[in-house]
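Here is a short report on charged side-chain pairs. Sequence and structure come first.

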Amino acid sequence: MPAADHRLTTREMADFVVDGYLRFEGIVPEALNQRTVDEMRRLMPVKLARFGPDVPAEAEGAAQPRTGTPLSDGYPPPSAIGEMLRLPAIRGILESLVGPDPVFDHDFVHFVHAGSGFRQLLHVDAIIDSTDPSFDVQLFYFPNEVRAGEGGTRFVPGTHLRRVRAEGVSRYHRIRGEQQFTGPAGTVLVAHHGLWHAGQPNPSEHERWMYKIRLNPRVPQVKLWNTSDLDALQNDASDHVFATVPADSVGRRLRRRHDWQRGHEERYDLRQRALLWRYLSGDTAFDVDYYLTRVEQRGALVEEVGSV
Amino acid sequence: MTVRQQVLYLWLSESALDSEVIAWAFHDGTQGRQGGIPDGDPPYKTGLAALEEGWLLLQSPQITPPPPGREFDPGYLPYEFVFERHWELPAA
């Protein structure tokens with residue numbers, strides 16, 4: 001549960017680092033959900049037509065944001081989508097992850113009609129990406145209830161820190177621990193841009209609407225959340241599962257494994273989580289199970305000697 | 001009679017064939033006219049379990065050194081084993 005100022009807590013931030021997403025059930029009021037569906041219905045043909053040779057006029061009642069502009073510039077009133085994005089709860093979540101008034105990258109209306117058999121292959125949206133720990137977020141907003149098997153997005157928790165090409169993961173038809181979204185109307189998932197996911201068939205009688213927006217940070221993503229609990233949870237490099245482990249710490253939370261993370265390969269994901277948390281917390285002394293510190297200390301000894 | 005192939009990808013937790021299955025994909029050249037795979041999550045506990053159920057191993061993963069500087073970056077699931085089996089079907 002976010003803090004009173006609507007920003008995320010340290011525990012929620014740690015969960016984001018582990019899972020690659022956070023889920024907020026029914027966070028958008030029902031009255032607003034229906035208005036956003038109406039706006040998405042008007043917006044969708046405009047979005048689709050942009051792939052064609054003729055650029056259409058703007059959707060009635062909703063100006064389209066321009067890529068690279070502040071989020072606050074887009075979807076002014078009376079836009080229902082804009083109203084959803086300006087909810088204090090949504091703004092608090094986004095501020096915690098990508099800072100205040102992040103940059104609008106792009107958005108899209110994802111509609112799966114009733115009876116659709118279309119299945120997307122697993123993929124990553126970050127086709128061209130950096131190797132540093134900075135990240136964008138993608139907000140997935142489901143304005144209607146999505147029941148099991150009714151077109152909810154398939155996604156694989158914990159995959160967001162792996163370096164892959166967009167469609168290179170399409171061969172994984174099933175992965176242990178993967179999920180398919182179900183949830184009440186007004187539920188929002190906020191995901192790291194690297195999370196593996198795929199659209200699913202909707203054999204039901206219900207339409208499945210989803211609005212997705214990608215946002216870039218405009219400030220370093222350091223301590224942007226409500227850090228009132230950070231001092232109590234932040235651990236140093238002595239946090240090691242085979243030595244000493246505090247009763248509750250960021251390190252303890254980052255060690256949580258997903259079902260597909262079996263064997264010793266998961267330690268490479270754990271190293272990536274530690275690097276991301278060093279960035280988020282601005283603390284180069286942070287570590288989990290000593291993986292980074294051990295190598296850095298030995299490396300410093302070799303540097304003392306000079307070239308070898 | 002005509003021969004059709006089914007292909008089973010199993011991604012295992014480690015480089016050994018008898019390590020745990022963590023991901024899978026099944027491709028059926030018989031278009032459902034012959035048996036598929038068990039319904040479990042995963043369908044087989046290990047790669048060895050698939051052999052024991054009659055799958056033939058086509059390919060084991062190559063264990064190649066990662067590029068310098070990328071030795072510890074996780075990426076694709078590294079331990080990909082490919083299996084097949086053939087079925088003889090009446091000609092269409």
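## Salt bridges within and between chains

A:R171 is partly exposed, at 37% relative accessibility. The model is a predicted one. The side chain of A:R171 meets that of B:E80 in a salt bridge, 2.7 Å from N to O. A:R171 sits in the loop between β4 and β5 of chain A, and B:E80 in strand β4 (residues 80-89) of chain B, so this pair joins two chains. B:E80 is buried, with a relative accessible area of 15%; the cut-off for buried is under 20%.

Across all chains, the structure holds 31 salt bridges. Three of them are listed here.

| Pair | N to O distance |
|---|---|
| B:E80 and A:R171 | 2.7 Å |
| A:D129 and A:R163 | 3.9 Å |
| A:R253 and A:D248 | 3.9 Å |

Take A:D129 and A:R163, whose side chains form a salt bridge. A:D129 lies in the loop between β2 (103-112) and β3 (137-142) of chain A, while A:R163 lies in the loop between β4 (154-155) and β5 (174-175), so the pair ties together parts 34 residues apart in sequence. A:D129 is partly exposed, with a relative accessible area of 42%. A:R163 is also partly exposed, at 25%.

Next come A:R253 and A:D248, which form a salt bridge. A:R253 counts as partly exposed at 24% relative accessibility. A:D248 counts as partly exposed at 28%.

Note on methods. Residues numbered from 1 in each chain as written. Chains lettered and ligands numbered in written order. Predicted model: local features only at pLDDT ≥ 70, side-chain atom pairs only at ≥ 80, totals over all residues. Heavy atoms only, no water. Salt bridge = Lys/Arg side-chain N within 4 Å of Asp/Glu carboxyl O. Helix = DSSP H or I, 4+ residues; strand = E, 2+ residues; numbered from the N terminus. Buried < 20%, exposed > 50% of the residue type's maximum accessible area, 1.4 Å probe, protein only.
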